[in-house]
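This report looks at how two chains meet and at what lies inside them. Please keep the sequence and the model open while reading.

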Amino acid sequence: MSAAAGTVLTLAAIDPTSPGKPGINIAIFLAFVLVTLIIVIKGGGGSKHSSGEEFFAGGRSFSGAQNGLAISGDYLSAASFLGIVGAIATAGYDGFLYSIGFLVAWIVALLLVAELMRNIGKFTMADVLAFRLRARPIRVAAAITTLAVTFFYLLAQMAGAGGLVSLLLGITDDAMQSVVIAVVGVLMIVYVLIGGMKGTTWVQMIKAVLLIAGAAVTTVWVLALNGFDLSELLGRVVENTQEHMAGKGQAADAMINPGLKYGGSDWAKVDFLSLGLALVLGTAGLPHVLMRFYTVPTAKEARKSVVWSIFLIGLFYVFTLVLGYAAAYMFAPEIWEKGSGVPGGSNAAAPLVAAALGGPWMLGIMAAVAFATILAVVAGLAITAATSFSHDIYTNVVKKGQVSPGAEVRVAKATVVVIGLIAIVGGIAAKDQNIAFLVSLAFAVAASANLPTIVFSLYWKRFNTRGALWSMYGGLISALVIIVFSPVVSGSPTAMLTGADFDLAPLSNPGIVSIPLGFLLAIVGALTSKREDERAKEAEMDVRALTGVGAEKAVPH
Amino acid sequence: MGQGLGPGGAAENVDYSAIEQSPEFSRLRSTHRRFVIPVVSAGLAGYIAYALLASWGAGFMSTRVLGNVNWAIILGLAQILATFAVTVAYVWFANRKLDPKAAQIREAIEAGAGGVQ
């Protein structure tokens, strides 16, 4: 480790490149993984997933509060915990935008989308889109955008898992970190195949409780050390970072002011706005969040579950502010930079704060919670992508609806295996980047490719198939092209491809271009083609969305 | 399963167009839209104003208000509180204004009236 880190006063004398004791860390960690696996097997009811209702939608039998916990579990992924804390530890106030954007986004999800989708849909986002539009092309497009969003989300989770386990074991070697990612992929496949949606939902609930409780304890601990005075905490951040900031030509108090990362130029400010737009509009287009609206018996329970999750998630995001700033004053600012030897870089901030406060035990527990978070989120994502492929492409397009429910589940399980393999490869490429940032790319794709079509098909009768296809493909392609030519993929020190430089776009998040483009294409596509002759379907969709007539019911047990 | 059929079976031969035209349904729809569209727009506008202030108004946002706590921290936490407030307001509104109207129409359809004319 670098000499600079060693000379800085930390609350607990720990080595940030290898905190704790690998033996204790791993023992606590494995015990935790074992317990959650048992829950999956029990909660999932063995392997009796003959019906799609059970495997995909958990029998629609969860209560609003239970489902709210599960939504929080899905949403509070590695990005929210490891990623945001790391972003605040390194970019100061600018990192807090993630917390705010991720939360305000729920206003769109709750008011515009959640209940109406619950009333119309069955398993996937495409069920709603295909209701009155031409089903086959719409389902194919929706499955493709779902897979794209899932891919970016999975990359982030895998990067997080690799960094975390390497931190526990003190592994700084690249090849060994890749092995860690492969092991996570295998565990994930086992989880999903055994548990299905129901088992995963149970893990999400337990994990959400542990994560929020763990973050709460750590936050109170940090505040107690600062006399429960936020001002004192911020003062210590300034004190610890001013020298480092001066070295970068920044003001002494740059860490507590906006603009440290995104304040340099007008382009940087546009990039900040771009990120902000993606965060706030992405949530209501995330397929794995939308799917959670189907695991409750009624629209009213869907509403209750979103309310539960908004309060839990909001509370958690207040904790991230304290934890991020705690990392910023407890450790030398140099250790977050690439090459300092800290596994996972800024993503290690949250577990390091835990280690500084409570030593190896606290580190082991918090790391296990974080790992369970990743495992559960990955499983939820894999189920969503698998459901989308088997239900939308295999059942409704390849087999034209003539398929036994058993076959649909078998195809989904095979898809999970394939997704697991892709996630392993992607996770290895992305492991040096901040996780919250990686997830923001998934949000940008969701907001550009999914949100316009969802909103217009629910609220605009003149909307039609061409508008939907233009918007989904146009939003997706523009977002992907901008990402490929951005500093994320090449031309920056933490880029995925280190040997190349085809970095053209100054934006690290495509949202500010691709989201308006997605909406614009939806409108232009719809207005330049005829209104579909589906008045009866339009009326049925309208009535069912608002009244809940004929909505999918819970499976009786 | 045909998309027009509810699993309950009762909604099989419903004239949805007639229901959509009915005054009861129109009232439900306009009540819903008159709440959600302005509130979502206001929420997003507030958020974008905050993001603009944090980038082009960084000087103001960096002004200390309470000790080291500056406007940026206060307005950021205010965004979180505003989200909570909107959530509470929507639930209050939906329980009182939307649910009874929706239930009335749904029950009429499920009773086999084939519409609420």
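## Salt bridges between the chains

A salt bridge is counted here when a side-chain nitrogen of Lys or Arg lies within 4 Å of a carboxyl oxygen of Asp or Glu. By that rule, A:Arg303 forms a salt bridge with B:Asp99, with the closest N and O atoms 2.8 Å apart, and six salt bridges are found across the interface of chain A and chain B.

## Basis of the values

This is a predicted model, in which local features need pLDDT of at least 70 and side-chain atom pairs count only at pLDDT 80 or more, while totals for chains, interfaces and linings use all residues. Residues are numbered from 1 along each chain as its sequence is written, chains are lettered from A and ligands numbered from 1 in the order in which they are written, and side-chain values use heavy atoms, with hydrogens and water left out.

## The interface as a whole

Contact (heavy atoms within 4.5 Å) joins 66 residues of chain A to 58 residues of chain B. The buried area, meaning the accessible area (1.4 Å probe) that two parts lose on being put together, summed over both, is about 5300 Å² for chain A and chain B, and 70% of it is on carbon and sulfur atoms.

The rule also finds 16 residue pairs in polar contact across this interface, both residues being at pLDDT 80 or more; a polar contact is a pair of N or O atoms within 3.5 Å, where within protein one must be able to donate a hydrogen and the other to accept it, and residues adjacent in sequence count only if both atoms are side-chain atoms. Helix H6 of chain A gives the most to the side of chain A that touches chain B, with 13 residues; helices are DSSP runs (H or I, at least four residues), numbered from the N terminus.

## Salt bridges around A:Arg303 and elsewhere

The structure holds 18 salt bridges over all chains. One of them pairs A:Glu115 with A:Arg303, the closest N and O atoms being 2.8 Å apart. Because A:Glu115 lies in helix H6 of chain A and A:Arg303 in helix H13 of chain A, the pair ties together parts that are 188 residues apart in sequence. Both A:Glu115 and A:Arg303 are buried, where buried means under 20% relative accessible area, exposed over 50%, and partly exposed in between (1.4 Å probe, protein chains only).

Within helix H13 of chain A, A:Lys304 and A:Glu301 lie three residues apart, about one turn of the helix, and their side chains meet in a salt bridge at 3.3 Å, N to O. A:Lys304 counts as partly exposed, at 40% relative accessibility, whereas A:Glu301 is buried, with a relative accessible area of 17%. In chain B, B:Glu20 forms a salt bridge with B:Arg29, with the closest N and O atoms 3.6 Å apart, and a network of salt bridges links A:Lys461, A:Asp542, B:Glu20, B:Arg29 and B:Arg33.

## The largest nonpolar core

A nonpolar core is a set of buried Ala, Val, Leu, Ile, Met, Phe, Trp, Tyr and Cys residues joined through side-chain atoms within 4.5 Å. The largest such core has 218 residues, of which A:Tyr75, A:Tyr98, A:Trp106 and A:Tyr325 touch the most other members. Its largest share, 27 residues, comes from helix H14 (residues 349–398) of chain A. Not counting residues up to four places away in sequence, A:Trp106 touches several residues, among them A:Ile71, A:Tyr75, A:Phe293 and A:Ile313.

Terms used:
Helices (H or I, at least four residues) and strands (E, at least two) are DSSP runs, numbered from the N terminus.
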